[in-house]
Amino acid sequence: LNRVASSPTLDRLGLRDQAVRAVGGAGRSTTRAANSAGRRFAAAQQRLSSPARQRHGGRQQDLFDLTPTEEQQLLRDSVGEFAAARIRPAAGAADQGTLTPPELLEQATELGLAMLGFPAQLGGVVDERSATTSVLVAEAIARGDMGIGVACLAPAAVATAIALWGDADQQSRYLPPFVSDDVPAASLALMEPRPLADPMAPTTTAIKAPDGGYVLTGVKALVPRAADAELFVVGARLGDRGPALFVVQAATDGLSIVPDPGMGDRKS
């Protein structure tokens, strides 16, 4: 962790404070989890006038080039060191216990992983949207352990989805906690328990409700961190409009979560 905390990438991305807290602050995870269990995403006092988006990045070249930039390489190296030093040694026990250690989730969050897809207007540290950057980070953290890596990146997936496609009200309500000291556990719920499930053709349905919201009906599978998630982005079919994404708080009535290991022997 000292090597991670001393990386020049943290200064270039403005993540120095988060890294320092990650090195010495893992003990707060239990208290933080207790506090966030009853979180309510209240309407923001200051509403955005329009959705905030990252600007499209990418180097304009005549040839297709996936060579990492200096910033991407530094970021990949820092995350890779964290994966090797902290995630890999914990992988065996996490697999046996089917549980990612909370302190690893805490440290990964405080390294700023949830902010990769965040617009700068909302406190993000990466001005340009780059799928290559996200892939490099995911690849680096998965070298420690792919299952733990998915759990660590789950909140980033939700924050990125809301940043990309959420309207001004949704961004104002749900995104600020992702750049706070108390980042919510969150997860995408796209896959379904059937062979060859296609996120673009969900069997989960959404029907407009009289109060202006939607009623979702269906079952999702392979939802990382579902048990402790406070917020979900759920894929469902909205009538003739086809697939759509819906923001669902974990405290919503009618939402139930059942353990269902994706691989290996199921133990009751």
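Reply: Let's begin with contact, which means heavy atoms within 4.5 Å. Helices (H or I, at least four residues) and strands (E, at least two) are DSSP runs, numbered from the N terminus. This is a predicted model, where local features need pLDDT of at least 70, side-chain atom pairs count only at pLDDT 80 or more, and totals for chains, interfaces and linings use all residues. Residues are numbered from 1 along each chain as its sequence is written, and side-chain values use heavy atoms, leaving out hydrogens and water.

Me: Which residues of helix 5 and helix 7 meet?

Reply: From helix 5 come Gln-72, Leu-75, Arg-76, Val-79, Gly-80, Ala-83 and Ile-87, and they meet Thr-132, Thr-133, Leu-136, Val-137, Glu-139, Ala-140 and Ile-141 of helix 7. To sort them, count Ala, Val, Leu, Ile, Met, Phe, Trp, Tyr, Cys and Pro as nonpolar, Asp, Glu, Lys and Arg as charged, and the others, Gly among them, as polar. The residues of this contact of helix 5 with helix 7 then divide into eight nonpolar, four polar and two charged.

Me: At what angle do helix 5 and helix 7 pack?

Reply: Axes are lines fitted to C-alpha atoms, for helices over the stretch in contact, and angles run from 0 to 180 degrees between N-to-C directions. Under 35 degrees counts as roughly parallel, over 145 as roughly antiparallel, 65 to 115 as roughly perpendicular and the rest as oblique. Helix 5 and helix 7 (residues 131-142) pack at about 20 degrees, with axes 8 Å apart. Helix 5 is therefore roughly parallel to helix 7.

Me: And what about helix 5 with helix 6?

Reply: Here the angle between helix 5 (residues 70-97) and helix 6 (residues 102-110) is about 160 degrees, and the axes lie 11 Å apart. So this pair, helix 5 and helix 6, is roughly antiparallel. Phe-82, Arg-86, Ile-87 and Ala-90 of helix 5 make the contact with Glu-103, Leu-104, Gln-107 and Ala-108 of helix 6.

Me: Is Leu-153 buried or exposed?

Reply: Buried means under 20% relative accessible area, exposed over 50%, and partly exposed in between (1.4 Å probe, protein chains only). Leu-153 has 18% relative accessibility, so it counts as buried. This residue is found in helix 8 (residues 146-165). Leaving aside residues up to four places away in sequence, Leu-153 touches Leu-113, Val-137, Ala-138 and Ile-141.

Me: How much of the whole protein chain is buried?

Reply: Buried residues make up 40% of its 268 residues.
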